[in-house]
Amino acid sequence: MLEQCLAPDCSGFSRYGVFLQTLIAGWDELECHRVFKFLCDQTNLLLKTEALLATKPGLKRHQELQLRLFCRKVLLDPCQNQPDGQFWLVQLLKPWPMVSQAQLLFILYGPLLNEGVLGWEDLVEGGLPHSYLLELAKAILMLFGLLQVKGWSTDSILSILEELIVIPQPWHVENVARLLVLCGSNLCYTFLASKALNGRLDEISRIIIYIILVCEKDGYHMSWAVKLVQQICKVFSTEPERFFFIQHMENMFSEVTREFFESSVAGNNFEDRETFQTLCILLDSSARFHTKLLHMFLK
């Protein structure tokens, strides 16, 4: 069945999905579990998913697209409300270990490029526009709303997110920052605070610098980034710890600025000009961030 509708614009899966959701509307969870088991039996969904998750990401692009189209068009996209979407997403994810859940989440909601393939490597090589990460952020937020469901916790969501941003290799930091911004204040703070409590100051400082850059690039209020830093400061229990964190962050501003400058003067091609433009945006974002920060303290 998964092989019957191969084109992204094929309407077969969509029609079947609308029919299925209309048929089971109002059914209780146990009955929906039976429907999912029936679909898995008829399509060999779990076996095909298992085979795909055992393969290097991006190696079987055709099968990744097949799985994405079936799950999205039949089970996920036709859902009329968030609880229904959460139910089907959990059914798809829960049979697998954490790293496989992250990989499957990317297959289902990761950026789909113009060529009809998933942008695994593109997230590693450079920053992508927010539109490429929007669906992934919405899916993560859907999971984040499941904390009251048995077997799901803040730690499990953070673990999936940690695994996600290193598949197939560690993402470009701008993409990590942009995904966190799209996920909103609560999840962004929870993710960074967890790292702060584990002493990973260099890592969170670099991510925060890129969050500030993303705020400037994508038109978010810089006060959002300032409040985020304020919240993270409260994670530390003593004044010396808070000072040490701020010092780390300011040193990272200098380090990232130096990296952009050195990269921009390395040559004269288009990529170097783009890097220089990003450097200028970073300097502007630094000025806006510190203006907001100082204004807050002067109030």
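Predicted model: local features only at pLDDT ≥ 70, side-chain atom pairs only at ≥ 80, totals over all residues.
I started at Leu-23, which sits in helix α1, residues 12-24. Helices here are DSSP runs of H or I with at least four residues, numbered from the N terminus. Residue numbers run from 1 along each chain as its sequence is written, and side-chain values use heavy atoms, leaving out hydrogens and water.

**Patch.** I found Leu-23 partly exposed, at a relative accessible area of 45%. (Buried is under 20%, exposed over 50%, partly exposed in between, with a 1.4 Å probe and protein chains only.) Together with Phe-19 and Trp-27, Leu-23 makes a nonpolar surface patch of about 320 Å². The areas are Shrake-Rupley values with a 1.4 Å probe, and for residues only the protein chains shown count as cover. Patch residues need over 30% relative accessible area and no salt bridge, and nonpolar side chains (Val, Leu, Ile, Met, Phe, Trp, Tyr) are joined within 5 Å, like charges within 9 Å. A salt bridge means a Lys or Arg side-chain nitrogen within 4 Å of an Asp or Glu carboxyl oxygen.

**Largest pocket.** I noted a volume of about 410 Å³ for the largest pocket. A pocket is an open set of points on a 1 Å grid over the protein atoms alone, where a 1.4 Å probe fits, with protein on both sides within 12 Å along at least five of seven lines; lining residues have an atom within 4 Å of a point. Volume is the space filled by probe spheres set on the points, which are joined across faces, edges and corners. Of its 15 lining residues, Gly-126, Gly-127, His-172, Glu-274 and Thr-278 lie nearest the centre. α15 gives the largest share of this lining, six residues. By class I get three nonpolar, six polar and six charged. (Ala, Val, Leu, Ile, Met, Phe, Trp, Tyr, Cys and Pro are nonpolar, Asp, Glu, Lys and Arg charged, the others, Gly among them, polar.)

**Second largest pocket.** This one comes out at about 310 Å³. It has 17 lining residues, with Gln-21, Ile-24, Cys-32, Asp-84 and Trp-88 closest to the centre. The lining has 10 nonpolar, four polar and three charged residues.

**Backbone.** I logged a cis peptide bond from Ile-167 to Pro-168, omega near 0°. Pro-168 is in the loop between α9 (154-164) and α10. Asn-44, a non-glycine residue, has a positive phi near 55°.

How values were computed. Helix = DSSP H or I, 4+ residues; strand = E, 2+ residues; numbered from the N terminus.
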